[in-house]
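Keep the sequence beside the coordinates as you read.

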Amino acid sequence: MRVTTNLIFNQSELSMSKANERYLKVQEKIAEQSDIVRPSDDPNGAGQLLRYGADTKLLEQYEKNMTLATNALEYESVALESLNSTLDEINKRMIQSNNGANSQVDLDTLAGEMENLLASVADLMNSQDSNGKYIFAGTNANSPAFVKDASGAFQYAGNEAQKNAQIGDNVSVATNDSGKKVFQDAWTRNTFSASSSAGTASLSYRVEDQGAYDDFINSQYVNPSLGVVPSPNDFTLTTTAGAPDQFSFQDSSGNVLASGDFVSGEPVTFNGMEFTLTGAVGSTVNFSLDQPTRDNVINQVQSAIDALRDPNLTPQQKNEARLNAFTSIENTQSNIATASSSVGSRINTIDNRTEYSTSKKTFNQIAQENIGGLNVYKATTELELSKTALEASQLLFQRISSLSLFNSL
């Protein structure tokens, strides 16, 4: 084999190039603080690093989702708390209005205060988050949750869907609650209707014991939550002359459900309902249970406010409107309590997932460090060796590049 000047030069250059490449690789590892800069450095280790890195990126996205979800739920929590407090204030004034010493001026003043508070309730039910989205409008969050219809009553204008945030591979949480469920679907006060069909006695009637009447409603309706009622649903009260006079309650089939002595002008009761007949015996009263209904608290309280302002209504009529408002406030606050509890539970779930995510990210970081972390001692030693090799190659290249076969002639 002939050893030419070009061969000597090329071999020397190749040796120096390899030494330089080795030196740069060590520097790159030190700069990246990792023993695995390229997949070729450790194919198996590189694959594990990619998996841990992808998992960490996913956890970071879940953390962003959890932050947004927490913000949304905290906005709702504050709105619900404020609503509950405002309804308490309305309830206090409604109780104050139930005082026989109040003049019409006093009632008008209390009605004005309650109307101002009711405006705050309407505003809170149309609460918006930091992005201007309506919290209680379901997924139709660009429009107000509650709007006035042609009659001036508030109606729910959103939908019943919930927005969800993915906070884990198989975990998601609802970030809002529908205003229909919390406010619009609050049960109103159960009532009944009655009218005289025979006799000359005057009739007055009312729900005397709301709890007893509600229990009776529940026993008569197949499914009160759906408003399903069996047929027939009519009852009668009759009074007959005797010694003493008698009354009896019958169902639509004529079965006697209750009976007793009757005195004109004195009330008789049946399952929380009170009837007062004043006049001669021999009257027949037909009565039926009104179907349970739902409505939002704004409409119910506004009706009570209007009743308090009307000087032509009797104290009993005003009290009926007041009782309707009390029931609506109570049922709405019960819905608010349920929603608040659910919101708190979801925030706790997010907090737990946040702790889990933080722990898992730390684990991933430790695992990545164990797999591809830089061995400082090894890297420093290798850097010194590669630097020495490079310097030797450079020195040898300089010497060889200055040689020529002609120098030996």
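Of the 49 residues in the largest nonpolar core, Leu80, Ile90, Val121, Phe183, Ile298 and Val301 touch the most other members. Such a core is a set of buried Ala, Val, Leu, Ile, Met, Phe, Trp, Tyr and Cys residues joined through side-chain atoms within 4.5 Å. Buried means under 20% relative accessible area, with exposed over 50% and partly exposed in between (1.4 Å probe, protein chains only). Helix 2 (43-97) gives this core its largest share, 11 residues. Helices (H or I, at least four residues) and strands (E, at least two) are DSSP runs, numbered from the N terminus. Apart from this core lies another, of 21 residues, including Leu237 and Phe275.

The model is predicted: local features need pLDDT of at least 70, side-chain atom pairs count only at pLDDT 80 or more, and totals for chains, interfaces and linings use all residues. Residues are numbered from 1 along each chain as its sequence is written, and side-chain values use heavy atoms, without hydrogens and water.

Leave out neighbours within four places in sequence, and Leu80 contacts (heavy atoms within 4.5 Å) Phe136, Val182, Phe183, Ile336, Ala339, Ser340 and Val343. Ala339 sits in helix 7 (residues 315-372). Ala339 is buried, at 7% relative accessible area. Val182 is 157 residues from Ala339 in sequence, yet their C-alpha atoms are 7.0 Å apart.

Now turn to Ser178, in the loop between strand 4 (171-174) and helix 4 (179-184). Ser178 is buried too, at 4% relative accessibility. Beyond four places in sequence, Ser178 touches Phe136, Tyr156, Asn159 and Glu160.
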